[in-house]
Amino acid sequence: MKAFWKALGIAALAALVPVRYRKDEESGKQTFQSLLISVDVGPGKDEIHTDIGISLGEGVLTDLGRKLMEAKEAGMFTDDPDEAAVDADLAQALADEAQAAADEAQSIADNLQAAADEAQAAADEAALAELDADASDFDPEF
């Protein structure tokens, strides 16, 4: 158990120790980034106060993950209107094909339902005929 707490403490320390420092000369704002947290320290509204902002999830690791996602998403979208129009036409053609397949499936389902209804009606008639035959065989004087 002692090893677990040591490992947890080392991981917490590694997540909180600043690994990147930036300073904006114009505003005097300083940014300290650790693996998981970003702390912004800057001058306040008046000379006495200092503004401090803590952002969880704005660390070095999350920046790397965000950059990877942006690179992946960049391949999904285009700024070229002609290419976008082609993609839209292709998407519409695929949607039309899917709608035609859905309509055909609905037609098949309707036909199957009609056949099932006919079979149920025939079964009901057979059951009634059997009940009528049983009733005619009944001898009330017995």
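Mentor: Let us begin with pairing: two strands pair if DSSP finds at least two bridges between them, and the strands themselves (E, at least two residues), like the helices (H or I, at least four), are DSSP runs numbered from the N terminus. This is a predicted model, in which local features need pLDDT of at least 70, side-chain atom pairs count only at pLDDT 80 or more, and totals for chains, interfaces and linings use all residues. Residues are numbered from 1 along each chain as its sequence is written, and side-chain values use heavy atoms, with hydrogens and water left out.

Trainee: What is the overall pattern of helices and strands along the sequence?

Mentor: The protein has three helices and four strands, and reading along the sequence gives α-β-β-β-β-α-α. The four strands form an open sheet in the order β1-β2-β3-β4, with antiparallel pairing. Its edge strands are β1 and β4, each of which pairs on one side only. On average, neighbouring strands of this sheet are turned by 15° against each other, direction ignored, where the axes are lines fitted to C-alpha atoms, for helices over the stretch in contact, and angles run from 0 to 180 degrees between N-to-C directions.

Trainee: How do you know that β1 and β2 are joined as a pair?

Mentor: Four bridges join strand β1, residues 20-23, to β2, and the definition asks for at least two, so the two strands count as paired. Arg22 stands opposite Thr31 in β2. The hairpin of β1 and β2 has six residues between the strands, and in this hairpin Gly28 takes a positive phi near 80°.

Trainee: What makes β2 and β3 a pair?

Mentor: Here too there are four bridges, between β2 and strand β3, residues 37-43, and the strands run antiparallel. Gln30 stands opposite Val41, the bridge partner of Thr31 is Asp40, and that of Phe32 is Val39. The hairpin formed by β2 and β3 has three residues between them.

Trainee: Which residues of β2 lie on its covered face, and which on its uncovered one?

Mentor: In β2, residues 30-33, Thr31 and Gln33 are on the covered face, while Gln30 and Phe32 are on the uncovered one. In a regular strand the side chains alternate between the two faces of the sheet.

Trainee: Why is Ser34 called buried?

Mentor: Buried means under 20% relative accessible area, exposed means over 50%, and partly exposed lies in between (1.4 Å probe, protein chains only). Ser34 has 3% relative accessibility, and therefore counts as buried. Ser34 lies in the loop between β2 and β3 and, not counting residues up to four places away in sequence, touches Ala15, Leu16, Val17, Pro18, Val19, Gly59 and Val60, contact meaning heavy atoms within 4.5 Å. Over the protein, 8% of the 142 residues count as buried.

Trainee: Why is Ser55 called partly exposed?

Mentor: The relative accessibility of Ser55 is 25%, so this residue counts as partly exposed. Ser55 lies in strand β4, residues 50-56, and, leaving aside neighbours within four places in sequence, is in contact with Leu36, Ile37 and Ser38. Ser55 and Leu36 are 19 residues apart in sequence, and their C-alpha atoms are 8.8 Å apart in space.

Trainee: What share of the contacts joins residues at least 24 apart?

Mentor: Among contacts between residues at least 6 apart in sequence, 16% join residues at least 24 apart.

Trainee: Why is Leu8 called partly exposed?

Mentor: Leu8, in helix α1, residues 2-16, has a relative accessible area of 42%, and so Leu8 is partly exposed. Together with Met1, Phe4 and Trp5, Leu8 forms a nonpolar patch on the surface, with about 500 Å² of accessible area together.

How values were computed: Patch = residues over 30% accessible without salt bridge, like charges linked within 9 Å, V, L, I, M, F, W, Y side chains within 5 Å. Areas by Shrake-Rupley, 256 points an atom, 1.4 Å probe, with all protein chains shown as cover. Salt bridge = Lys/Arg side-chain N within 4 Å of Asp/Glu carboxyl O.
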